[in-house]
Amino acid sequence: FGVDAVFSYKYNQLHGICEKDGLAICPGFTTTHVIPFVDGEPIYKGCCRTNIGGYHITDYLKQLLSLKYPHHMARFTWEKVEDLKMEHCYIAPDYALEAQLFQKGGKEAEDKTRCWQLPWVPLPTEEPPSEEEIARKAAIRERQGQRLREMAEAKRSSRINELENQLHGLEFLLQQLGQVQEEDIPSFLSETGYASKQEIELTLTKVTQSLRKAKGEPKPEQAEHEEKADSCTSDKYPLINVPDNMLTPDQLKEKKRQIFLKTTTEGRQRAKQKRVEEELERERKTQEDEERRLENPQLYLEQMHTKYKELYEKIELRKRLKTNGAHTNGSNSGGVGRGERLNAAQRERMRLLTTAAFDRGKGEDTFGAKDEDWQLYKLMGKDNDDDDDGADEDEAELARVSSRLQEIDPTFVPKLEPTASQPTITEVPHVRPLTKEDFQIVLGVERFRCPEILFHPNLVGIDQVGLDEMTGVSIRRLPSKDKALENRLTSSVFMTGGCSLFPGINERLEAGIRMLRPCGSPIKVARALDPVLDAWRGASLYAANSRFHQQTFSRADYYERGEDWLRRYQVRYTL
């Protein structure tokens, strides 16, 4: 065992780096020592120690980088941070001025900044399709559409032929049925699969409507079929047109049931007819849009984009008005919001219910027997909002325009719109793709802030003095107060240890000692030839000396003479 700073000092003394009288400063891994030398021998009574070293610098740098780049903490291993410290850190001549320089920024601060690029693979970029590619895809879609139209036309022709054959068969069957005598009708119908003449007429009506729908014709025989339907209705509901005073109680109940069934059937037929008309209208609009697109594709695309934008803004404005009333822009113009309109609608429904109960509450309950009774249900079911019908139409048109744009424009991306059946989806914040800069570790103020703890340990919570003040403490601890000796010590300040490799440490230490010493005192700071390995080289020369055994002691000496003798033992470091 030996003192590493002493071995390094003696080794460099042989090479003329330091004198016999001097101060050895050794900032090591966990501690920093200052040992004065007089006549080539260490004076341990003047030794000074601070619990700060290279370990604390590395740990401080690791903490700063982990706080600055929390997403790359796994990269900051101890070995890597140690390499960054030895490669990039330096001692600032003036810590405050250096910090102000980086705070202001500028060319000088940028030049002193270092960057560590982490491994990074750029994401593959998708280039937008060229005009030739867009034209090629449009041609493919056109060919596919033409093929689908041809298939649809062939299917439609086959369907028309099938319906025409079925229609001719039903008409021929009715003609034959008209020639059959009354008593032979059941046996004749049993062979055809129909139960009655009314069922054949109803089937004929349905086939006629299907054929008209397949051909897209505007109902040329509507009056005739209505007459047939009326006759069918009169046969099916015979008690509807009979006065009540001519019916028995049982027949009155049956009449009410027939009225209810007739109203329900007619309602379903009207709804079905409305759906057919809407489908025909959509087909007509689609055909017109296709013709306009083929005439001028570019103009048609611009018009569709403009229409989509107008409809989207219109629907958004209506939703904001429903939610916030007239306060959408912070103004208070007396409008009502959605909540107040709902209250008004509830009041209207209560009024209708009260009126219906008052009017129908006397006598027999016949509510639902008339068409106006069902209209009352519609009024009670509505929100009493005049814009609801328009809103539904606008949303349907927006969906149609969006679907059409997706077909003709591959770059179109529809905006997400919550509907009544689809809950509002919270918008996910857009996350930008990672770039090369996201994988760069920038070392700015950390380069000089971390090694600054050698001179100001209080930066990491250690309330002790720095390197420059340690020299003054060591000189004051010497037994003799000789000014000439003090000048000789400061004129040969020797730096060893791994932390003495930081650039600028000699100049900073010399400036700090100069502030402590009287004006004109000689000060010279020198660094070891190899601050890391000179202690080992000095120890190897000391062990190879012929008087090595005379200057050492064994375990038997320690057991024989005790600990007090060991404390008084003075090794002569002769190389």
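K307 is partly exposed, with 31% relative accessibility (partly exposed sits between the two cut-offs: buried is under 20% relative accessible area and exposed is over 50%, using a 1.4 Å probe and protein chains only). This is a predicted model, where local features need pLDDT of at least 70 and side-chain atom pairs count only at pLDDT 80 or more, while totals for chains, interfaces and linings use all residues. Residues are numbered from 1 along each chain as its sequence is written, and side-chain values use heavy atoms, with hydrogens and water left out.

So who does K307 pair up with? Its side chain meets that of E397 in a salt bridge, 2.7 Å from N to O (a salt bridge is a side-chain nitrogen of Lys or Arg within 4 Å of a carboxyl oxygen of Asp or Glu). E397 lies in helix α14 (residues 387-408) and K307 in helix α11 (residues 297-324), so the pair ties together parts that are 90 residues apart in sequence. Helices here are DSSP runs of H or I with at least four residues, strands are runs of E with at least two, and both are numbered from the N terminus.

## E397 has a second bridge

E397 is buried, at 15% relative accessible area. Its side chain also meets R400 in a salt bridge, again 2.7 Å from N to O. R400 is partly exposed, with a relative accessible area of 21%.

## Other salt bridges

Altogether, the structure holds 23 salt bridges. One of them joins K68 and E446, whose closest N and O atoms are 3.5 Å apart. K68 lies in helix α2 and E446 in helix α15, so this pair ties together parts that are 378 residues apart in sequence. K68 is partly exposed at 38% relative accessible area, whereas E446 is buried at 8%.

There's also a network of salt bridges, linking E98, E108 and K112.

Now for helix α3, which covers residues 78-88 and has V81, L84, K85 and H88 buried. Seen down the axis of α3, the buried residues fall within an arc of 100° (taken from the directions from the helix axis to the C-beta atoms), so they line one face of the helix. The face turned away from that buried side carries the exposed residues E79 and E87.

What do the buried residues of α3 pack against? Their neighbours are α2 (54-68), β5 (114-117), β6 (440-443) and α15 (446-449), with contact meaning heavy atoms within 4.5 Å.
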